[in-house]
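Please read them with the structure open.

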Amino acid sequence: MQPLVLLVDDDESNRLTLEAVLEDEGYRVECAATVAEGRTKLRDGSEPYAAALLDYNLPDGCGASLIPELRANNPGAPAVLITGTPVDLQATGADAIVTKGDACDDLITLLAGYLGN
């Protein structure tokens with residue numbers, strides 16, 4: 001079965017683009033636009049997520065705030081923050097940080113490295 005990835009991003013065009021790229025690479029994607037929606041998906045999901053891609057700045061908080069719940073419900077799933085501003089990786093608890101606007105190829109390579117695809 002294809003790995004399931006949680007994508008949380010409030011920018012609809014970014015979310016749709018990343019979703020399409022990830023699906024083209026063979027991932028299944030569930031999307032959310034806010035911390036609250038992401039939290040609901042993490043809590044109520046019927047299957048574990050293989051990874052989470054989290055926008056750092058969301059309208060209702062910080063995407064990094066979802067990392068503890070991701071870890072609790074999806075042991076071993078990497079958390080990758082997507083941000084347009086410099087962020088301290090260790091302070092966030094994320095596994096990696098990707099700068100918005102970087103090539104999607106970099107994100108796909110990073111994700112494949114974590115998931116062994």
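1. Start with the salt bridges. The count comes to six in this predicted model.

2. Look at Lys100 and Asp55. Their side chains meet in a salt bridge, at 3.3 Å from N to O. Lys100 sits in the loop between β7 (96-99) and α5 (104-115), while Asp55 belongs to strand β3, so the pair ties together parts that are 45 residues apart in sequence. Asp55 has 2% relative accessibility, so Asp55 counts as buried.

3. Next, Arg71 and Asp95. This salt bridge has an N to O distance of 3.1 Å. Arg71 is in helix α3 and Asp95 is in the loop between α4 (89-92) and β7, so the contact ties together parts that are 24 residues apart in sequence. Arg71 is partly exposed, with a relative accessible area of 30%. Asp95 is also partly exposed, with 31%.

4. One network deserves a look. Asp9, Asp55 and Lys100 are joined into it by salt bridges that share partners.

5. The pair Arg43 and Asp44 is another salt bridge, at 3.4 Å from N to O. Which class do these two residues fall in, buried or exposed? Arg43 is exposed, and Asp44 is exposed as well.

6. Now the surface charge. A patch of negative charge gathers Asp10, Asp11, Glu12, Glu37 and Asp60. Asp10, one of its members, is placed in the loop between β1 (4-8) and α1 (12-24). Asp10 counts as partly exposed, because its relative accessibility is 36%. That value is over the 30% that a patch member needs.

7. The largest nonpolar core has 18 residues. Which of them touch the most other members? They are Val8, Leu54 and Ile67. At least two residues of this core come from each of β1, α2 (35-44), β3 (51-55), α3 (67-73) and β6 (79-83). β1 gives the most, with three residues.

8. Check Gly63. Its place is in the loop between β5 (61-62) and α3. Is Gly63 buried or exposed? Gly63 counts as buried, because its relative accessibility is 0% and the buried class takes everything under 20%. How far is Gly63 from Ala36, in sequence and in space? The two are 27 residues apart in sequence, and their C-alpha atoms are 9.8 Å apart.

9. Last, Leu89. This residue is in helix α4. Leu89 is partly exposed, because its relative accessible area is 33%. Leu89 and Leu6 are 83 residues apart in sequence, and 19 Å separates them in space, C-alpha to C-alpha.

10. One is the pair Lys100 and Asp55, where the partner in strand β3 is buried at 2% relative accessibility. Another is the negative patch, whose members include Glu37 and Asp60.

Conventions. Residues are numbered from 1 along each chain as its sequence is written. This is a predicted model: local features need pLDDT of at least 70, side-chain atom pairs count only at pLDDT 80 or more; totals for chains, interfaces and linings use all residues. Side-chain values use heavy atoms; hydrogens and water are left out. Patches are made of residues with over 30% relative accessible area and no salt bridge: like charges are joined within 9 Å, nonpolar side chains (Val, Leu, Ile, Met, Phe, Trp, Tyr) within 5 Å. Accessible areas come from the Shrake-Rupley method with a 1.4 Å probe; for residues, only the protein chains shown count as cover. A salt bridge is a side-chain nitrogen of Lys or Arg within 4 Å of a carboxyl oxygen of Asp or Glu. Lys and Arg count as positive and Asp and Glu as negative; His and the chain ends are not counted. The place of a charge is taken as NZ of Lys, CZ of Arg, CG of Asp or CD of Glu. Helices (H or I, at least four residues) and strands (E, at least two) are DSSP runs, numbered from the N terminus. Buried means under 20% relative accessible area, exposed over 50%, partly exposed in between (1.4 Å probe, protein chains only). A nonpolar core is a set of buried Ala, Val, Leu, Ile, Met, Phe, Trp, Tyr and Cys residues joined through side-chain atoms within 4.5 Å.
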